[in-house]
Amino acid sequence: MYEERLEDNLYILWNRMSSGSYFPPPVLEVEIAKDDGRKRKLGIPTVNDRVAQQVVKPTYNHGLKQSSHHSLMDTDHLKNAHQAVEQVRKNVRRYHWVIDMDISSFFDKMSHELLMKAIERHVEEKWAKMYITRWIEAPIEDRKGTYAYETGRERHREG
């Protein structure tokens, strides 16, 4: 449906983003089953919001890459799994250690205040910081229509 009116949709989005009047709609929260039987919450943005996020992405990727250690695996240039495996081979010959993390509920419990300090440090463009803040503060809507607002360590619900 978005693609049927692609030019109109992109023009409206561009107009709102360039004027500073774009506010992300609520993210739809769905639960997906994990292999161990537990459920994991997943936030699904609208198509329009996902396009807007892709507009902002280069501004923070650039800032993060400039401050990243040179040994971190840069996956932007990789086209397939074979290239990723080859990059890992090069890294293990060159470096003595690897850090791999999977932190349970990381984004649910992460301090928004600390996240914004990191954004301030790594993103120069004021307009990008503004939109990142709006995405962090955007409401979450479940399938029942209940809205919640994340504060970084707590979730506040509204009926």
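The following legends describe close-up views of a predicted model.

**Figure 1. Overall architecture of the predicted protein, with six helices and five strands.** Along the sequence, the secondary structure follows the pattern α-β-β-α-α-α-α-α-β-β-β. Of the 159 residues in the protein, 26% are buried. Among contacts with a separation of 6 or more, 54% join residues 24 or more positions apart.

**Figure 2. Confidence of the prediction, with a mean pLDDT of 81 for the protein.** A pLDDT of at least 70 is reached by 75% of the residues. Among the elements, helix α1 has the highest mean pLDDT, 96, whereas strand β5 (residues 155-158) has the lowest, 59. Over residues 67-71 the pLDDT stays under 50, and the model has five contacts beyond four places in sequence for this segment. Where pLDDT is low, the predicted coordinates should not be read in detail.

**Figure 3. The largest nonpolar core, a set of 14 residues.** Met17, Tyr22 and Val56 touch the most other members of this core. Helices α1 (6-19), α2 (47-67), α5 (112-122) and α6 (126-137) are the elements that each give two or more residues to the core. The largest share, five residues, comes from α6. In soluble globular proteins, nonpolar side chains tend to be buried together.

**Figure 4. The surroundings of Tyr22, one of the core residues that touch the most other members.** With residues up to four places away in sequence left out, the contacts of Tyr22 include Leu13, Arg16 and Met17. Tyr22 also touches Asn48, Asp49 and Ala52. Tyr131, Arg134 and Trp135 complete the list of its contacts.

**Figure 5. Gln53 in helix α2.** Gln53 counts as partly exposed because its relative accessibility is 21%, and the limit for a buried residue is under 20%. Apart from residues up to four places away in sequence, Gln53 touches Pro45 and Trp135. Trp135 is also a contact of Tyr22. The C-alpha atoms of Gln53 and Ala128 are 9.6 Å apart in space, while the two residues are 75 residues apart in sequence.

**Figure 6. The buried and exposed sides of helix α5.** His112, Met116, Ile119 and His122 are buried. These four residues lie on the same side of α5 because they cover an arc of only 135° around the axis. On the other side of the helix, Glu113, Leu114, Lys117 and Arg121 are exposed. At the start of α5, a side-chain oxygen of Ser111 reaches to within 3.3 Å of the backbone nitrogen of Glu113.

**Figure 7. The setting of Lys129, a residue of helix α6.** Lys129 counts as buried because its relative accessibility is 15%, and the limit for this class is under 20%. A polar atom of the Lys129 side chain lies 3.3 Å from the backbone oxygen of Val123. Beyond its neighbours within four places in sequence, Lys129 is in contact with Met116, Ile119, Glu120, Val123 and Glu124. Of these residues, Met116 and Ile119 are among the buried residues of α5.

**Figure 8. The salt bridge between Glu86 and Arg89 in helix α3 (residues 81-94).** The side chains of Glu86 and Arg89 meet at 3.5 Å, N to O. The two residues are three residues apart in α3, about one turn of the helix. An α-helix has 3.6 residues a turn, so residues three or four places apart point the same way. Glu86 is partly exposed, with a relative accessible area of 32%, and Arg89 is likewise partly exposed, at 43% relative accessibility.

**Figure 9. Two further salt bridges, Asp8 with Arg5 and Arg38 with Asp36.** A search of the whole structure finds four salt bridges. In the pair formed by Asp8 and Arg5, the closest N and O atoms are 3.5 Å apart. Asp8 has a relative accessible area of 41% and is partly exposed, as is Arg5, with 48%. Between Arg38 and Asp36, the closest N and O atoms are 2.8 Å apart. Arg38 is exposed, with a relative accessible area of 51%, whereas Asp36 counts as partly exposed at 48% relative accessibility.

Notes:
Residues numbered from 1 in each chain as written. Predicted model: local features only at pLDDT ≥ 70, side-chain atom pairs only at ≥ 80, totals over all residues. Heavy atoms only, no water. Core = buried A, V, L, I, M, F, W, Y, C linked by side-chain atoms within 4.5 Å. Buried < 20%, exposed > 50% of the residue type's maximum accessible area, 1.4 Å probe, protein only. Contact = heavy atoms within 4.5 Å. Arc of directions from axis to C-beta. Polar contact = N/O pair within 3.5 Å; in protein donor to acceptor, adjacent residues only side chain to side chain. pLDDT = per-residue confidence, 0-100.
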